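Here is a short report on some backbone details of one protein. Look through the sequence and the model, then read on.

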Amino acid sequence: MSFAAPVHRLPLAAACCSALLLSACGGSDDDKRLPTLDGAAPIVVAHRGASGYLPEETLEAYSLAIDLGADVIEPDLIATKDGVLIARHDPNLAYSTDVASHAEFAARKKTIQVDGETQTGWFASDFTLAEIKTLGAISTDAERPQQYNGAYKIVTFQEIIDLVKARTASTGRTIAVYPETKNPTYHRDIGLPLEDTLIAQIKAAGWNSKSAPIYVQSFEPSSLKYLKSKGLETRLIQLIDADDVNLKTGALTFAAPYDRPYDWLKAGDTRLFSAMVTPAGLTEIKAYADGIGPWKRYIITVKGTLDASGNVTDINGDGKINEADTTSQPATPLIADAHKAGLFVHPYTFRNEQRRLASDYKGDPKNEYLAFYRLGVDGVFADFTDTAIAARSTYLKEMGR
């Protein structure tokens, strides 16, 4: 199978690939332990594929991520009208596809609630797989390449499984997959539950074990607990979100729908996501999961310098206030606390854009990765696989690996 992804024109791709394969999954003859839970090198998870370069969650983006050396590729799973699991971050297709340009689907535009949030658009549950296959994926970040918009199609989870198996065979290195049950309560409420189909596909792939090349994640504890109760034996990961950071104080903020798991909200549980990162919360997670996937600001947050009026100073003078106008703060004990509870830690999401890098990283995204690698994270979710791999190589040399 061939792919249209322009691999050789992308930054660092050709130069890095051979070196990346050597370091993938921490391969080394040196048995020196690292500060990860198992002492091995941290994994690099290609967040939605090579989403920094190509429209996310397409077969081309996943293939490129593998070419760049990713240990793991990550799809978000939602359901079509006919119950097929596809890779999209949102049930609302308006966010990441060209559905708005398809006149034949204009009448399906509507306004509904998704996890308590009012959204207007076109929703996957109103489309069969055959209809969705007529759509093209688009970049969701205006700073990223736009010339591939519409060129690549939406893929099914089965197609991703097939890709991973084929590329594992052709490269000679194990490539894993990291699916997320996306908006599972929403899907259950509309009669398209995700979990049973996911379990069936994992079992059919021969991957129903802790040692299989798969991790299953969700923001909703009930989804993970259901999977476990129905005999899924893979590694399970509790995702931990927040809304934003108050750049004046460095404190995380919590606003719906990013304040708590939606299943907690429906059940009347008033706790915030922040309850999960306490020692008691981590102990609770350990009863049903193997690891956590926290937003990286739970580990290292950022804070701006305030001017005389109490506002964040525009350090770079670009007229905008964002993370580029902040400095990173001392790390929290979350990694140590999670490891003590027996949980691995895979924070998200690492990106290269300057607006997302604290000023003390000096404009180099590798410096952010290094800060987290040195703390002992067990893996990272990266939009730019090559940058994550290059930083890991530097880190492993520092550690004598």
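R48 sits in the loop between β1 (43–47) and α2 (59–67). The model is predicted. R48 is not a glycine, yet its phi is positive, near 60°. Is R48 buried or exposed? Its relative accessibility is 12%. Buried means under 20%, so R48 counts as buried.

K362 also has a positive phi, near 55°, and is not a glycine. K362 lies in the loop between β16 and α11. Its relative accessible area is 71%. Exposed means over 50%, so K362 is exposed.

Why look at such angles? Most residues other than glycine have a negative phi, and most peptide bonds are trans.

| Cis peptide bond | Omega | Loop holding the second residue |
|---|---|---|
| A256 to P257 | near 5° | P257: between β12 (252–253) and α8 (262–267) |
| Y348 to T349 | about -20° | T349: between β16 (344–345) and α11 (365–375) |

Now take a residue in a helix. H187 is part of α5, which covers residues 184–189. H187 has 1% relative accessibility, so it counts as buried. What does H187 touch, leaving out residues up to four places away in sequence? Its contacts are I78, A79, P91, K182, L192, P193 and L194.

Last, confidence. The protein has an average pLDDT of 93, and 92% of the residues score at least 70. Over residues 1–29, however, the pLDDT is below 50. This stretch still has 46 contacts in the model beyond near neighbours in sequence. Where pLDDT is low, the predicted coordinates should not be read in detail.

Conventions. Residues are numbered from 1 along each chain as its sequence is written. This is a predicted model: local features need pLDDT of at least 70, side-chain atom pairs count only at pLDDT 80 or more; totals for chains, interfaces and linings use all residues. Side-chain values use heavy atoms; hydrogens and water are left out. Helices (H or I, at least four residues) and strands (E, at least two) are DSSP runs, numbered from the N terminus. Buried means under 20% relative accessible area, exposed over 50%, partly exposed in between (1.4 Å probe, protein chains only). Contact means heavy atoms within 4.5 Å. pLDDT is the predictor's confidence in each residue, from 0 to 100.
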